[in-house]
Amino acid sequence: VSKQQTRTIKVDVLARVEGEGALYVKLKGDVVQDVKLKIYEPPRFFEAFLRGRHFSELPDIVARICGICPIAYQMSAVHAVENALGVAIDPSVRLLRRLFYCGEWIESHALHVYMLHAPDFLGYPDAIAMARDHQAVVQQGLRLKKAGNRIVTLMGGREIHPVSAAVGGFYKAPSKSALKELVDELKWALDASLATVRFAAGLDFPEFEQDYEFVSLCHPDEYPFNEGRIVSNRGLDIDASAYEENFTEQHVEHSNALHSVLRGRGSYMVGPLARFNLNFDRLPDVAQQAARDCGLKVPCRNPFRSIVVRAVELVFACHEALRVIREYEPPAVPRAQTPARASTGQAATEAPRGLLYHRYILDQEGLITSAKIVPPTSQNQKRIEEDLWHFVSQVATRPAGEITSKCEQAVRNYDPCISCATHFLRLHLERE
Amino acid sequence: VALRIIGCGNLDRGDDAAGLLVARRLHAVVVDQGVDGLGVEIRNVTILEQSGESFSLMDCWASGDDVILVDATAPMGTPGKIQVWNACADKLPEDAFPCSTHGFGVREAVELARVLGRLPLTLLICGIEGKRFSLGATVSPEVDRAVESVAQELLERARTTAGPCQTMRKRTIAG
């Protein structure tokens, strides 16, 4: 390729991501001229749909924003309303919410590690092609995902669009014996997760590091799910109620998803890598040891190694689920009283893909007058583009087909959920 | 021999609900009443609802099952058109089934199951061509008619099921 030749690489429909989007990269010679992550899935206006609805309807409505992380949406919603209403939940309900989240993390991470990201590293176009040569690997991933499904089904009443979560708790709390039925499979899943860490750590990773601002929840004692302050490696340390003072969303012409930035600072990263780097010492010993054994260092700034970090989080989620089941005693009342009052509440929880912020304003009848939802992919979108600006430079001398597949792999480091954010992927590579 | 009928789709996305609506019409007759409209008892039929997400779908059948799966297919200009594929014999067309979560839908479930040796004994895929799939859309009249037609045909099959399913009649309903 001539040094002055313009090349455009286009991926018109990005595969193995949730939702519809495209990628556009323009090169002049081997120098990157432009990168756009185009999210063209139409906006879904969930925040507008919520206006005028009673807060009790929230968990069922927001669960429909995403088929892969409905629990995250339910958890951020119920916590935000509980914060608005000043509702304190039963400690057993708190434990159950952690178990619910464990189920979603196991489902989502197993899907991403084995079915979405592993084919990139092993050189296959998709999981079906990979399964022809790696049957046992794919079978293990499927069984792990199913272990997560079982938790979600038990806790949520059904596998898709769970219906049990409520403001104040759950409509129905499971019995101890029902939870104990999960134990044998979760013990297998914990062992399989440790094997997943070894599998993922054995993949080949591009030499690529960036100086990220990592943002995640941080709880004094626990690896974060539902609670904690929003912190970063550059000194951010705020309550969720101060989120909108510190973060802002920007409209960009090429995307139907807003770009979220830290005011005065710019892009940042949320998700497994951020959680891991900011909360490593809160991981249980078994997960910390698994990370050390495979050479994963803190901080990890190579986004391609996020596949290993997801595997470490699988270990955590299985271990945590078993702990919760051991300690669980059914709550006397599964759902606290939630008297309506005019109020505002915010909450952030850790969806599998990262921080998920909700804010609701309620009137005296408990009707929602304003809603704001900032999903993880909106928060990562600008950071993904910045990764690509730097990463494409490293691979610019390669053939267009290879650049395309490497770019898609780099996007999948973030496991973007475009359906959530539109509120993603085709690659266009242009060389000038 | 047991027959498993799986309806796939999303009730919140217009015609994508087609498979679920077929399952619910059958459920109302076969499970709730245990008899069909003619008073004939129907046994050994399991009716399932699924989102269409591949990996859960693969867990809906075992190697010895006879399975009929109903799902909406992508718009091709003939809404309500019913097509049937014998998935054990042939690969499913790549462009027929709108993708589900992360691009893992019905076609991917079938092809992954084929690679992993996890296909059921028989697997017929009944596709109802959709017209509108946007969030909050209602079911189109063409698809609504096709849903009724497929439900009636499956009810007939459920009533007579006694052995491995054979090929369903292929039929087109004018859109």
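## Basis of the model

Residues are numbered from 1 along each chain as its sequence is written, while chains are lettered from A and ligands numbered from 1 in the order in which they are written. Because the model is predicted, local features need pLDDT of at least 70 and side-chain atom pairs count only at pLDDT 80 or more, whereas totals for chains, interfaces and linings use all residues; side-chain values use heavy atoms, with hydrogens and water left out.

## Chain A as a whole

Chain A contains 15 helices and 14 strands. Helices (H or I, at least four residues) and strands (E, at least two) are DSSP runs, numbered from the N terminus. The radius of gyration of chain A is 21 Å, close to the 22 Å given by the globule rule for 432 residues, so chain A is as compact as a globular protein of that length. This radius is taken over C-alpha atoms, and the rule is 2.2 Å times the number of residues to the power 0.38. Along the principal axes, the C-alpha atoms of chain A fill a box of roughly 70 × 45 × 35 Å.

Of the 432 residues in chain A, 63% count as buried. Buried means under 20% relative accessible area, exposed means over 50%, and partly exposed lies in between (1.4 Å probe, protein chains only). Chain A exposes about 15,400 Å², and carbon and sulfur atoms supply 47% of that area. Accessible areas come from the Shrake-Rupley method with a 1.4 Å probe; for residues, only the protein chains shown count as cover.

Chain A carries 51 positive and 53 negative side chains, and the centres of the two sets lie 2 Å apart. Lys and Arg count as positive and Asp and Glu as negative, while His and the chain ends are not counted. The place of a charge is taken as NZ of Lys, CZ of Arg, CG of Asp or CD of Glu.

## A pocket and a cavity

Rolling a probe the size of a water molecule over the atoms shows where empty space is left. On a 1 Å grid over the protein atoms alone, a cavity is a set of points where a 1.4 Å probe fits but cannot get out, and a pocket is an open set with protein on both sides within 12 Å along at least five of seven lines; lining residues have an atom within 4 Å of a point. Grid points are joined across faces, edges and corners, and a volume is the space filled by probe spheres set on the points.

The second largest pocket holds about 260 Å³ of space. Its lining has 15 residues, and those nearest its centre are His79(A), Asn83(A), Asn226(A), Glu227(A) and Ala347(A). Two or more lining residues come from each of α3 (70–85) and β11 (343–351) of chain A.

The largest cavity has a volume of about 60 Å³. Among the residues that line this cavity are Met269(A), Gly271(A), Arg310(A), Arg353(A) and Tyr414(A). Here the elements giving two or more residues to the lining are α10 (272–279) and α12 (306–327) of chain A.

## Selected residues of chain A

Val298(A) and Pro299(A) are joined by a cis peptide bond, with omega about 0 degrees. Pro299(A) sits in the loop between α11 (285–293) and α12. Asp415(A) has phi near 45 degrees, a positive value in a residue other than glycine. Asp415(A) belongs to the loop between α14 (400–412) and α15 (418–421), and is buried, with a relative accessible area of 2%.

His117(A) lies in helix α4 (residues 91–122) and is buried at 0% relative accessible area. Glu222(A), in the loop between β6 (215–218) and β7 (229–232), is buried at 15%. Its C-alpha atom is 9.0 Å from that of Asp281(A), 59 residues apart in sequence.

Ser175(A) occupies the loop between β5 (169–170) and α7 (176–180). With 35% relative accessibility, Ser175(A) counts as partly exposed. Ser175(A) and Tyr328(A) are 153 residues apart in sequence and 9.1 Å apart in space, C-alpha to C-alpha.

## Chain B

Chain B has 4 helices and 5 strands, which follow the pattern β-α-β-α-β-β-α-β-α along the sequence. Of its 175 residues, 55% count as buried.

Leu154(B) is part of helix α4 (residues 141–160) of chain B, and at 0% relative accessibility counts as buried. Leu154(B) and Leu26(B) are 128 residues apart along the chain, and their C-alpha atoms are separated by 7.8 Å.
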